Amino acid sequence: MSADSARRARSLGLRVPVIALVLGFTAIPIQLRHVYADAVAAVFDLSLDIPDIIANVVGYIALGIVLADLGRRRAIGAATAISVLAEAAQLFTRGRSPSLIDVATNVLGAAIGVAVSARGSPAALVLSRRTTVWALAIAIGACVPLGLQFTPDHVESALASFVAAPPWRAVNDRGATRSGKLEAYWSFDRIGDDSVPDDSGSGLDGVLVNQPALVSGVSGRALSFNGSNQWVNVGDPIALRLVGSMTISAWINSSAFPRDDAAIVSDHSGLGYQLDTTIDEGPRTIGFKMADSYGRLMARYGKTPLATNRWYHVAGVYDADAKTLDVYLNGRRDDGCLSGRVSSRQRVSAKSVFIGRRASEQGFEFAGAVDDVRIYSRALSAGEIGELVEHAVESSPVQLSLERQGDIVRPDLVRDSCRSNRSDARVAGLVVAIGMCVAVACAGVWPWAGFRGASLAFGLIAGLVVLPLVAPLVPAYFRPLVPLLTVAGALTVAASVVEHSISSTLPPR
């Protein structure tokens, strides 16, 4: 053996992989959408979303570090261009909300990264056995949550839920750990001075806002809202901060429909619950929306189109034990599309409960009459809901036309056609990251220059392995792209690995 031997060593330049990773998480569209006026207007919405801001800053710190060798101005300029590109792509991506705040916080993160790099942070990764083990562990570890259908959106939603409604906030666990009951009932038959008494005996009286009119209802009197600035504010009592099973029911007679949801009962703010009429699935139907245990939307939509100037009995039922979400129209189950996955617990809102409007913002008011509103901390059976309807019909002076709808035995059959089902737009970044980790592992152990071909081959294999895990999380037309994304991730690593010789003098034998 020669006294001077050369050992091949490898290091990974991080600039291209990090840029690809940032674009993978922020710019690759999974579900395309038409650019509409509301989406463009939202770009200029300057409201602050703390979890989103944290994610933006943290994500771009790494980008600032790997761009730092361009110089401060060029690095921040490049990061700004990448951020603007990503936000522009999000205009065409369903489930994403681009904004100027995102650009600003991205650039802030990049500036922090540049400052950190000035203190000597490395922009390259030495490939070694230890690196290989870590890369494989991260690749395998990323597959585990995907198999459990736990995605980056779950992480952000959980963080947002923690900020909006901390877990130490007092809640009502009836319907979760103990038996539920009728929590509140507003018949509107006894209206005081700006007060709506709670006929359940729980004392959850509501406050009239802007004097909605009293009209003839299904049973006694009803409140009529103008669809603009009239509603009932029930406040934020602990009794209505439900985390388990619940039922909301009401009689409604819409005089007009808004451009979007018409909230009947709501404390919805991203978290919380809402019974409404909605066009989320096309025709105007019942909607029952809640936040799952991660704070993500779970919603059931009706299948029967609704009309104006007709009385309907509507109900939404959440059974936490059975993990089911159902809607009822005129006493019969009317289940259409299900959006999201039903969890065994719901996340409470930090907002007040309203009758006649959404809790989080105006623009989703109910126009028409509302009667006999009930909130239960248990899941009513189909028979119990039917009895509510029959009792009202028997005693009502109002002419009711109750069209019966049959049950859908397999509501899951219509799930794939649901327009409201949203994929996690950040899954693409996770898939790219898995391909990168596999390529890093190949580069760390492959003993000859052919590691590049091996990296791409194993990147493709990784994509085929990940595909069945990702399939439930993305639309069918996106699934063939999953192996291509892992290969793309592997390619960024293969193109960024540098081989060099390290000479060493061996002692004589």
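This is a predicted model: local features need pLDDT of at least 70, side-chain atom pairs count only at pLDDT 80 or more; totals for chains, interfaces and linings use all residues.
Figure 1. Of its 509 residues, 50% count as buried. The protein chain is built with eleven helices and 20 strands. Among its contacts with a separation of 6 or more, 74% are between residues 24 or more positions apart.

**Figure 2. The aromatic pair of Phe150 and Tyr294.** One aromatic pair is present in the structure. The ring centres of Phe150 and Tyr294 are 5.2 Å apart, and the ring planes meet at 65°; planes over 60 degrees apart count as edge-to-face, so this pair is edge-to-face. The two residues are 144 positions apart, and the pair links distant parts of the chain. Phe150 belongs to the loop between α6 (129-147) and α7 (152-164), while Tyr294 belongs to the loop between β12 (285-291) and β13 (297-302).

**Figure 3. Exposure of Phe150 and Tyr294.** Phe150 has a relative accessible area of 27%, and Tyr294 has one of 33%.

**Figure 4. Arg357 over the face of Trp231.** Arg357 is placed 4.6 Å from the centre of the Trp231 ring, over its face.

**Figure 5. Arg358 over the ring of Phe364.** The charged end of Arg358 lies 3.8 Å from the centre of the Phe364 ring and sits over that ring.

Key. Residues are numbered from 1 along each chain as its sequence is written. Side-chain values use heavy atoms; hydrogens and water are left out. Helices (H or I, at least four residues) and strands (E, at least two) are DSSP runs, numbered from the N terminus. Buried means under 20% relative accessible area, exposed over 50%, partly exposed in between (1.4 Å probe, protein chains only). Contact means heavy atoms within 4.5 Å. Rings of Phe, Tyr and Trp (its six-membered ring) pair if their centres lie within 6.5 Å; planes under 30 degrees apart count as stacked, over 60 as edge-to-face and the rest as tilted. A charge sits over a ring if NZ of Lys or CZ of Arg is within 6 Å of the ring centre and within 35 degrees of the ring normal.
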